[in-house]
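Have a look at the sequence and the 3D view below before you read on. Keep the view open while you read.

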Amino acid sequence: MANSIRPIVLALIRRPVDGALLVTGHGIGTDDPRVRPLGGGIEFGESARTALDREITEELGITVASATLLGVFENLFTADGETGHEIVFAFDTDVHDSPVDRDRFPVLDAPHEIAFWWHPSDTTARLVPAELGQYIQETPR
């Protein structure tokens, strides 16, 4: 992680049947397992909403049907021994051709990562950034 502030977008994509959140795992198999919604960096000159569309297409090969900005917050953290600083744009996101029929699938632009449906009661992995907890509910939408 660089010594700079990184603006990012995160897509809160929920499975309609149970409200589970689409995430990737980090630190799984360590003492600090955590999950994070899909998304990524906002490029210079790009709006947060445009970055959301680009990231979901790059990661899942599908398009965003609709997105509502839930909030913007600062995230200062240490992960894997490094300090990070992000400005997070969190979007409630619906997608076309939702991958609800599979439990796990590859992230197209990061083949070493797997996306999966996560529900807080299903695992001990914690949601990061923690501030996202205020935007998700354990019940279906």
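The report below takes up the rings, the salt bridges and the strands in turn.

## Before you start

This is a predicted model, in which local features need pLDDT of at least 70, side-chain atom pairs count only at pLDDT 80 or more, and totals for chains, interfaces and linings use all residues. Residues are numbered from 1 along each chain as its sequence is written, and side-chain values use heavy atoms, with hydrogens and water left out.

Helices (H or I, at least four residues) and strands (E, at least two) are DSSP runs, numbered from the N terminus.

## Rings and a charge

Let us begin with the aromatic rings. The structure holds one aromatic pair. Because the ring centres of Phe-73 and Tyr-135 are 6.4 Å apart and the planes meet at 25°, this pair is stacked. For the cut-offs, rings of Phe, Tyr and Trp (its six-membered ring) pair if their centres lie within 6.5 Å; planes under 30 degrees apart count as stacked, over 60 as edge-to-face and the rest as tilted.

The two partners come from distant parts of the chain, 62 residues apart: Phe-73 belongs to strand 4 (residues 64-79), while Tyr-135 lies in the segment after strand 8 (126-127). Phe-73 has 10% relative accessibility, so Phe-73 counts as buried. Tyr-135, at 18%, counts as buried too. Here buried means under 20% relative accessible area, exposed over 50%, and partly exposed in between (1.4 Å probe, protein chains only).

## Salt bridges

How many salt bridges does a search of the whole structure find? The search finds eleven. A salt bridge is a side-chain nitrogen of Lys or Arg within 4 Å of a carboxyl oxygen of Asp or Glu. One of them joins Asp-92 to Arg-14, with the closest N and O atoms 3.8 Å apart. This pair links distant parts of the chain, 78 residues apart: Asp-92 is in strand 5 (residues 82-95), and Arg-14 is in the loop between strand 1 (6-13) and strand 2 (21-26). Asp-92 is buried at 17% relative accessibility, and Arg-14 is buried with a relative accessible area of 11%.

Now turn to Arg-54. Glu-43 forms a salt bridge with Arg-54, the closest N and O atoms being 3.8 Å apart. Glu-43 is in the loop between strand 3 (34-41) and helix 1 (48-60), and Arg-54 is in helix 1, eleven residues apart. Is Glu-43 buried or partly exposed? Its relative accessibility is 46%, so Glu-43 counts as partly exposed. Arg-54, at 17%, counts as buried. Glu-46 also forms a salt bridge with Arg-54, with 2.8 Å between the closest N and O atoms, and both Glu-46 and Arg-54 are buried. A network of salt bridges links Glu-43, Glu-46, Arg-54, Glu-55 and Glu-58.

## Strand 3 and its partners

Strand 3 is mostly covered, with eight of its eight residues buried. Two strands pair if DSSP finds at least two bridges between them. Strand 1 and strand 3 run antiparallel, joined by four bridges, and Ala-11 stands opposite Leu-38 in strand 3. Strand 2 also runs antiparallel to strand 3, with four bridges; Val-23 has Pro-37 in strand 3 as its bridge partner.

Strand 8 pairs with strand 3 in the parallel sense over two bridges. There, Arg-126 in strand 8 is the bridge partner of Arg-34.
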